[in-house]
Amino acid sequence: MSENNAEWLSHLSSEVISDVHGSLLDAYVIALEGWRRGLKLRWHVEDSEKFSEMVTWFTERPGQLFSLSSDSRTHYFFRSRGDKVTNEAVSIGKDKESSKQHLSEHGVPVPQGGIFTSEHTKEEVLECGSKIGFPVVQKPKDGSFGRGVFVNITSTEELEACYDYTKELGTTDDIIIEQYITGKDYRLYVVGDEVVGAMHRQPPNVVGDGVHTIEQLIQLKNAEREKNPRLVSCPIIVNDELTDFIARKGHTLSSIPEKDDLIYLNFKGNISLGGDPIDVLDSLSQEVKDTAVKALRSVAGLTHGAVDIIINEKDDKAYVLELNPTAQLGGLLYPIEGKSRDIPKAIIDFYFPETKDKNVAQINTFFDFHDVLDPLQNRDATVTTVTPCPQQKVYMKKYIVVGDVLDIGYHRGLRKQAFERELHGYIMTKEIGDIEIVVAGTDPEMVEDFKHGIWEDEERATVMEVLEEDVDEAVKVGFEIKTDLKTQVEELKWYKRELEETELALKKAELKRRKYYESVSWKATSPIRAVGSIFKKFKG
């Protein structure tokens, strides 16, 4: 499941997005694509500018709302959804029954079923199940992430048990009963009239090796998932639902599966619940892709988004399950098998077609997501603008500096020299006590000239040797001092000394002030100061 086992996009490497996860990942990768094309990028707090008119949710934390501007226009984005998707389309997409109605009216195949509110009786729900024909599915109308879903209900008795269970939890308002279709679950992402990404969402699973228990295999797989930028925040959780599911298959957490045995841990394919994203764009039939495009077109104003489809294993017919106007993109960008699909490129092409000729795959710069958001986090601003991305060719050098070069002051001096030359990059302490410096900029002379500055600070460093290498890697805008634990401790000690010296200076100044006020000269001149203040008062 490592990066080497799938073809990921080089310009969206794990290094570039290492600090961004979950729904923040969707916003960052689209914003980064636009920024790299030379568009003006701004991040917003909730209700800022046009966002007061857009349907959004859970936006208290900055990092999900941004705008991109060209010379002629501005577009606003919430996560993966831009302002070309209307609020009406979002409302329809969030409402499963409304989505299903629009799909049916436009001839898009959907599972048969009906919706039931608190006004309906249990008998009506059970009658619907019998009328559709078992097996059926029961799910909440407005649910997400597979919560409250019961599948493959094979009898009236089972449906009644599921209904009673949800009633006990107080969640029987607005549920859907529909036909259960056996087959594989897919998510397709459509932009305009084109399917630009597709993945099979394989339910959580482990593969036996004849040695480890299921519980140990889950731990090993979660360790692998941590290497994936999308899956790092979606581990397989061991809970009652999981243990009950494998128990029905004759397993326990202590079972040791045979080598190469595939053991499913849940029926839900949601990536957020431990499912595996597998790229299938090249293997899906054109008929299935056409169904996805037709499904998106069935809702006016839904110009791009995800379409969830199940392909019936009996007749290979595609049925649309849901529409998602604000879908997460991580599984399509970082599959465990197959190719990464450049959804951000397709979205920016759609909103800013005049920038299509900009090949961002050749741009190795990126920005620090959390640094950019600091003014919003601290409530110092409602909008923050990101420093423009260098649009010219970026030249890069790596220097390995050998010697007594670990002084923090020396590192800060090198950072200052980089800023003076308008260079980006970093300094990183190596385990053996040397430092690695990477500098990048659009002026090759400044990149070359930086090495002279490495030798200049003889007071804080003794440089014995400088090794020079050509390098091609992603570089963050700005200049970062990356430190190991030892250097971090030294830096903390330096800050502590600075604080102690400042506090000592303040104490000395306060003592000096008190001595002055208590001095004979101060007391002797008190009448003169009093007369002076009266004179000033009357003069004013």
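Trainee: How many aromatic pairs does the structure hold?

Mentor: The structure holds 13 aromatic pairs. Rings of Phe, Tyr and Trp (its six-membered ring) count as a pair if their centres lie within 6.5 Å; planes under 30 degrees apart are called stacked, over 60 edge-to-face, and the rest tilted. Before we go on, this is a predicted model, in which local features need pLDDT of at least 70 and side-chain atom pairs count only at pLDDT 80 or more, while totals for chains, interfaces and linings use all residues. Residues are numbered from 1 along each chain as its sequence is written, and side-chain values use heavy atoms, with hydrogens and water left out.

Trainee: Which kind of pair do tyrosine 28 and phenylalanine 369 form?

Mentor: They are edge-to-face, with 5.2 Å centre to centre and 65 degrees between the planes. Tyrosine 28 lies in helix 1 (residues 23–36) and phenylalanine 369 in helix 11 (residues 369–377), so the pair ties together parts that are 341 residues apart in sequence. Helices (H or I, at least four residues) and strands (E, at least two) are DSSP runs, numbered from the N terminus. Both tyrosine 28 and phenylalanine 369 are buried. Buried means under 20% relative accessible area, exposed over 50%, and partly exposed in between, using a 1.4 Å probe and protein chains only.

Trainee: And what kind of pair do tryptophan 43 and phenylalanine 66 form?

Mentor: That one is tilted: 5.2 Å centre to centre, with 50 degrees between the planes. Tryptophan 43 belongs to strand 1 (residues 40–44) and phenylalanine 66 to strand 2 (residues 65–69), so this pair ties together parts 23 residues apart in sequence. Tryptophan 43 counts as buried because its relative accessibility is 0%. Phenylalanine 66 counts as buried because its relative accessibility is 0%. Ring pairs also build a cluster, whose members include Tyr28, Trp43, Phe66, Phe350, Tyr351, Phe367 and Phe369.

Trainee: Which ring faces does lysine 84 lie over?

Mentor: A charge sits over a ring if NZ of Lys or CZ of Arg is within 6 Å of the ring centre and within 35 degrees of the ring normal. Lysine 84 lies over the face of phenylalanine 350, at 4.5 Å from the ring centre. Its charged end also sits over the ring of tyrosine 351, 5.3 Å from the centre.

Trainee: How do I read a nonpolar core?

Mentor: In soluble globular proteins, nonpolar side chains tend to be buried together. A nonpolar core here is a set of buried Ala, Val, Leu, Ile, Met, Phe, Trp, Tyr and Cys residues joined through side-chain atoms within 4.5 Å. The largest has 82 residues, and those with the most contacts inside it are Trp43, Tyr189 and Phe367. Helix 1 gives the most to this core, with 9 residues. Apart from it lies another core of 17 residues, among them Val401, Val439, Phe450 and Phe479.

Trainee: Which residues is phenylalanine 367 in contact with?

Mentor: Contact means heavy atoms within 4.5 Å. Leaving aside neighbours within four places in sequence, the partners of phenylalanine 367 include Tyr28, Leu32, Trp35, Trp43 and Lys476.

Trainee: Is glutamate 33 buried or exposed?

Mentor: Glutamate 33, in helix 1, is buried, because its relative accessible area is 4%. Its side chain joins that of arginine 37 in a polar contact of 2.8 Å. A polar contact is a pair of N or O atoms within 3.5 Å; within protein, one must be able to donate a hydrogen and the other to accept it, and residues adjacent in sequence count only if both atoms are side-chain atoms.

Trainee: Where is aspartate 83 found?

Mentor: Aspartate 83 is in the loop between strand 4 (81–82) and helix 2 (87–94). At 16% relative accessibility, aspartate 83 counts as buried. Its side chain makes polar contacts with the side chains of lysine 50, at 3.3 Å, and histidine 75, at 2.8 Å.

Trainee: What span should helix 12 have?

Mentor: The expected span of a helix is 1.5 Å times one less than its number of residues. The 13 residues of helix 12 (residues 408–420) should span 18 Å, and its end C-alpha atoms are 19 Å apart, which agrees. At the start of helix 12, a side-chain oxygen of aspartate 407 reaches to within 2.7 Å of the backbone nitrogen of glycine 409. Glutamate 422 follows helix 12 and has a positive phi, near 55 degrees.
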